[in-house]
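Welcome! Please keep the sequence and the 3D view open as you read.

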Amino acid sequence: AFGRSDTPDLGMLGHPRIVAMSAQDHVSLCPRDPELRGATMRGADGKVAGTVSEVWIDLSDHAIRYLSVALE
């Protein structure tokens, strides 16, 4: 069967690779980068879609993977 797995992708230590940044007290954005949480998201039409509510990070690659957006 094709599609998304019902289990999270795990890192080498058996913990989920992609996690909410707010749940990680040892992870932060680079001070030179903007704080994404609270940022307004707009569609291609320029209309406000919502506000970034969470940053999801990949602990294995040390990269932002997803943004959760609270819709207007």
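## Salt bridges

A salt bridge here is a side-chain nitrogen of Lys or Arg within 4 Å of a carboxyl oxygen of Asp or Glu. This is a predicted model, in which local features need pLDDT of at least 70 and side-chain atom pairs count only at pLDDT 80 or more, while totals for chains, interfaces and linings use all residues. Residues are numbered from 1 along each chain as its sequence is written, and side-chain values use heavy atoms, with hydrogens and water left out.

How many salt bridges does a search of the whole structure find? There are six. One of them joins the side chains of R17 and D58, at 2.4 Å from N to O. This pair links distant parts of the chain, since R17 is in the segment before β1 and D58 is in strand β3, 41 residues apart. Strands are DSSP runs (E, at least two residues), and helices are too (H or I, at least four), all numbered from the N terminus.

D58, in turn, has a salt bridge to the side chain of R65 (3.1 Å, N to O). Through shared partners, salt bridges join D9, R17, D58, D61 and R65 into one network.

Are these residues buried or exposed? The terms rest on relative accessible area: buried is under 20%, exposed is over 50%, and partly exposed is in between (1.4 Å probe, protein chains only). D58 is buried, because its relative accessible area is 2%. D61 counts as partly exposed at 43%, and R65 also counts as partly exposed, at 37%.

Not counting residues up to four places away in sequence, R17 touches D9, L10, G11, I57, D58, L59, S60 and D61.

## The nonpolar core

A nonpolar core is a set of buried Ala, Val, Leu, Ile, Met, Phe, Trp, Tyr and Cys residues joined through side-chain atoms within 4.5 Å. Which residues make up the largest one? It has five: V19, M21, L29, V55 and I57. Leaving aside neighbours within four places in sequence, V55 is in contact with V19, A20, M21, L36, R37, I64, Y66 and L67.

## On the surface

I64 is found in strand β4, residues 63-71, and counts as partly exposed at 38% relative accessibility.

## Two loop residues

H62 lies in the loop between β3 (48-58) and β4. Its phi is near 55°, a positive value in a residue other than glycine, and at 72% relative accessibility H62 counts as exposed.

P34 sits in the loop between β1 and β2 (40-42). P34 is exposed as well, with 54% relative accessibility. Its C-alpha atom is separated by 14 Å from that of L67, which is 33 residues away along the chain.

Methods:
Contact = heavy atoms within 4.5 Å.
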